Amino acid sequence: MKTLVIVESPSKAEKIQTYLGKDYIVLASKGHITDLAKGGKHGLGVDIENNFKPHYVLMEDKLETLDALLAAAKKVDQIFVASDPDREGEAIAWHLATRLDGCGKPIKRMVFNEIKKDKLLKAVKNVRDIDMNLFHSQEARRILDRLVGFMVSSFLMNFFGSGLSAGRVQSVVTRLVIDREREIESFIPEDFWTIQVKLTNDRDESFIAKYNGRLTDLPTAEATKKALNVPEFVISEVSSEEEKRYPQAPLVTSTLQRIMSKIHGFGADRTMKAAQRLYESGYCTYIRTDSVRVGDDALKEVRDWLTTNKYEVPKKAYVYKNKDVAQDAHECIRPSDLTLLPGQNYAIIDPDEKLVYETIWKYFVASQMMPAVYDTLAVTAYPQGNASVKVKSSGKSLKSKGYMDILGVEDNSSVNIPNLKVGDVVHLSGKGALKMEKKQTQPPGRYSEDKLIKELVNKNIGRPATYAELLSKITSRNYVEKKGNVYHATPLGKKITDELNQYFTFMDYNYTAKMEQQLDEIESGKVNHIDMLKKFFPEFKKELDKAYMSRGGFLCEHCGNPMGTRIAKIDGSKFLACSGFPRCRNTKPINAATAA
């Protein structure tokens, strides 16, 4: 039986063809083949009055691709659509199936998480129908983004100039940067004081201790300094124990992006491009995931590798838990073959791919290793005769590297405290043994890419797979500016964000997170996507109308939609046109509307 397998990328198609053999024809769709129509007779590409029915059109650059797929479909007995294992992939599968349905061949969905022969052979034996809940989740997101993006962008361009855009998630990400900038601008520094003492025991061994309290006014600081200016201190507490630091969970999309940004200075887009090539070449599992789950086979493989290479392993494998908002469609990001060691895998030539692969490999292996162990020591002392004023000193030194060994982490921290016991008397001695310093509180720092991604994850804004595109978009639009690895607000970004904050609920952080939750519930079949859109749009439309009217705009007397400024193609003159086009074709001269 001859089978056509359709994947997304040509490089992936070539790799999979070598594994599946002559009974399969593996071709690539090169991503999406259709998109929502826009402009002209199609307007928004969404028929709001007909249950938000989307109007999809074949993308112009995919005509030849579809012709090739149709030709191949006629030569086979069945078709497996093997686009990526996520919402976007399910949507691509649905659109391909719709376009190929006329061939009269059975069409099934094939899903795999890594490009290995055994995984692919298993996948062809376990094909399924297209998951309509998963598809509707993507479609609902696409429609939401189109409604907000087109309609709010049109509002901005009408009153603030051409070339501006808004986005359901894009504008919220911008707001994060703007809000942080405002925090920095409004920050008022406060004074505080620190006091440290140099104490010495009878064996002439010295250590530094600090006053254990916050001093926010000078009189109290001076009084505390005076109380500490005595010749002898008594040791009141000594605490010595082991501290274990456990490895972090295996990588997901956001943590891979954050580590590559923090350690190697990679932008999210650069990281994802390298990771995508690694996945398509069969070196790692699917790289768009927010699940830390590890399959049983991979868990056994990593524990066996560690044992073989003389690393101690925990008695039981670590089981990491996903956050409540995480989708668990597939595993964490991990290498497909642990024997392909970083630095020794000469098939990976590209420098970016080498670094990303090394990061994926090391963090996956580290996730199942023993904890790092520290010896810690903490000492508390007080001036003799005054136990109400205390100073503390603490330190730790690395006893066992554990997982830090595979990551190449060096920790040279040490315990610079002599061997003391409760009741010992130590002395304030030497020049500068008592030191008081005035300091000021500092404003919050601007977001680095690492910290901004962390904040997006914490607030459940967007999806990790879209972070690279979002960060690229807000900088290219000049709403924020990236200086080095830090994001700064721009005057344009402030102006647009302030305007949108006035009128639109979608700008609220909690609201955005709730929308993500609803999309997840559509995916799980708990919420109907049309019901969600019907609930969203009326309130959004009221907010949009209010925004137009507050800026001196006009509502169409025929249908109630906002009238927006348009430019005539013939002579470049401006006129008002109903935003409900093509359903409503009402137009009027600007001066007539103003006069009315």
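Glu521 comes out as partly exposed, its relative accessible area being 25% (buried is under 20% relative accessible area, exposed is over 50%, and partly exposed lies in between, with a 1.4 Å probe and protein chains only). You'll find Glu521 in helix H16, residues 509–523 (helices are DSSP runs of H or I with at least four residues, strands are E runs with at least two, and both are numbered from the N terminus).

A word on the model itself: it is predicted, so local features need pLDDT of at least 70 and side-chain atom pairs pLDDT 80 or more, while totals for chains, interfaces and linings use all residues. Residues are numbered from 1 along each chain as its sequence is written, and side-chain values use heavy atoms, with hydrogens and water left out.

## Salt bridges

There are 39 salt bridges in the structure (a side-chain nitrogen of Lys or Arg within 4 Å of a carboxyl oxygen of Asp or Glu). One of them pairs Glu90 with Arg109, with the closest N and O atoms 2.9 Å apart. That pair links distant parts of the chain, 19 residues apart: Glu90 sits in helix H3 (residues 87–100) and Arg109 in strand S8 (residues 107–109). Both Glu90 and Arg109 are buried.

Arg258 and Asp450 also meet in a salt bridge, at 2.6 Å from N to O. Arg258 belongs to helix H8 and Asp450 to helix H13, so this contact ties together parts 192 residues apart in sequence. Arg258 is partly exposed at 23% relative accessible area, whereas Asp450 is buried at 7%. Then there's Arg551 with Glu499, at 2.9 Å from N to O. Arg551 is in the loop between helix H17 (529–550) and strand S18 (554–555), and Glu499 is in helix H15 (residues 491–503), so the pair ties together parts that are 52 residues apart in sequence. Here Arg551 is partly exposed at 39% relative accessibility, while Glu499 is buried at 3%. Salt bridges with shared partners also join Arg87, Arg463, Asp520 and Glu523 into one network.

## Cysteines

How many disulfides does a search of the whole structure find? The count is 0 (a disulfide being a pair of cysteine sulfur atoms within 2.5 Å). For Cys559, the closest cysteine sulfur belongs to Cys578 and is 3.3 Å away, which is too far for a bond. Cys559 is partly exposed at 38% relative accessibility, and Cys103 is partly exposed too, with 21%.

Most residues other than glycine have a negative phi. Lys30 is not a glycine, yet its phi is positive, about 60 degrees. Lys30 is in the loop between strand S2 (24–28) and strand S3 (34–36).

Asn460 has a positive phi as well, near 55 degrees, and again is a residue other than glycine. Its loop runs between helix H13 (449–458) and helix H14 (464–476). Is Asn460 buried or exposed? At 10% relative accessibility, Asn460 counts as buried.
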